[in-house]
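Work through the two exercises below. Try each task before you read its solution.

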Amino acid sequence: MIKVLITGSNGLLGQTLLKQLLDTRCNVIAISKGKNRFPTEDGYHYFGIDITNTDLLLSTIRAVKPHFIINAAAITNVDFCEDNKELCDAVNVDAVKHLVAVTKELNAHLIHISTDFIFDGTKGNYKETDIPNPVNYYGKSKLLAEEVIVNSTIDYTILRTILVFGKVAKMNKGNLVLWLKEKLEDKDEVTIVNDQFRMPTYVEELARACLLAMQEEAKGVFNISSNKLLSIYEMAQQIAEVFELDKNLIKPISTATLNQKAKRPPKTGFNLDKSIKILGFQSKSFKENLQKFKEKLI
């Protein structure tokens, strides 16, 4: 039986992966910081381990001997990373170095989640082969992690993704869709940037891409997202439409007015041709995924 170990199993992607993997014949091991947040304890093994606790992390992985390690653990708060570089490096870079080492030792396959923020956002529609140039510390940390993996001799899959949304049990942080839905339901007026462009990713699709990477034993770098570039303001409008909320409460503003700690790339978005061809990834529009998400919430 194939053994799959998930790091960061308490997060949005981690819990979604766990749920999808429990529907397969895989033997699943989940690792995350603190108490288990997943609704059931049946059908898998959970270990409460901080990924920066290297000795415990490695001894557990060595004991388990997984065939696949899916690294869904990361600090993704861009402004937090700018203020907490040491912790950002510990989780986003150093832990990856240790995962690469144990992956090699066990002759396993590492599936790692990366980001559009490795790019500077000057052109958009990025291919896997485009040259990265991060504009903030979070992006730099994720690029360093990619370089550690690519320069190793292990079997690996890097899945780059954008602005992940969805919902799981006991979430420790929100996302654009849930935040805006709640604000509009409360009849609060909100300001949303209209000069940043992304292709947001439904977490169910990202988890499915991880499973496709396992199934195909795909090696290399792949882009995973929805299939149409939208401004964040346009996304907000679509969220209001799908959830039948008042669009007039959404007011456009420019990024410059936000005075954010970390710089953001203005326009990312992915070319998805490689993932469609090699992984069999079936990308959908943001609106289609929103509709699926809405049905799941009902």
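Rings of Phe, Tyr and Trp (its six-membered ring) pair if their centres lie within 6.5 Å; planes under 30 degrees apart count as stacked, over 60 as edge-to-face and the rest as tilted. By this rule the count comes to eight aromatic pairs. The model is predicted, so local features need pLDDT of at least 70, side-chain atom pairs count only at pLDDT 80 or more, and totals for chains, interfaces and linings use all residues. Residues are numbered from 1 along each chain as its sequence is written, and side-chain values use heavy atoms, without hydrogens and water.

**Exercise 1.** Classify the pair of Phe165 and Tyr202, then the pair of Phe165 and Phe293.

*Solution.*
1. Phe165 and Tyr202 lie 5.3 Å centre to centre, with 20° between the planes: stacked.
2. Phe165 is in strand E7 and Tyr202 in strand E10, 37 residues apart. Strands (E, at least two residues) and helices (H or I, at least four) are DSSP runs, numbered from the N terminus.
3. Phe165 has 2% relative accessibility, so it counts as buried (under 20%; exposed is over 50%, partly exposed in between; 1.4 Å probe, protein chains only).
4. The ring centres of Phe165 and Phe293 are 5.9 Å apart and the planes are at 70°, so this pair is edge-to-face.
5. Phe293 sits in helix H10, 128 residues from Phe165.

**Exercise 2.** Which residues make the contact between H6 and H8?

*Solution.*
1. H6 passes H8 in a right-handed crossing (the near helix is turned clockwise from the far one by less than a right angle; anticlockwise is left-handed).
2. H6 gives Leu176, Val177, Leu180 and Leu184; H8 gives Ile232, Met235, Ala236, Ile239 and Ala240. Contact means heavy atoms within 4.5 Å.
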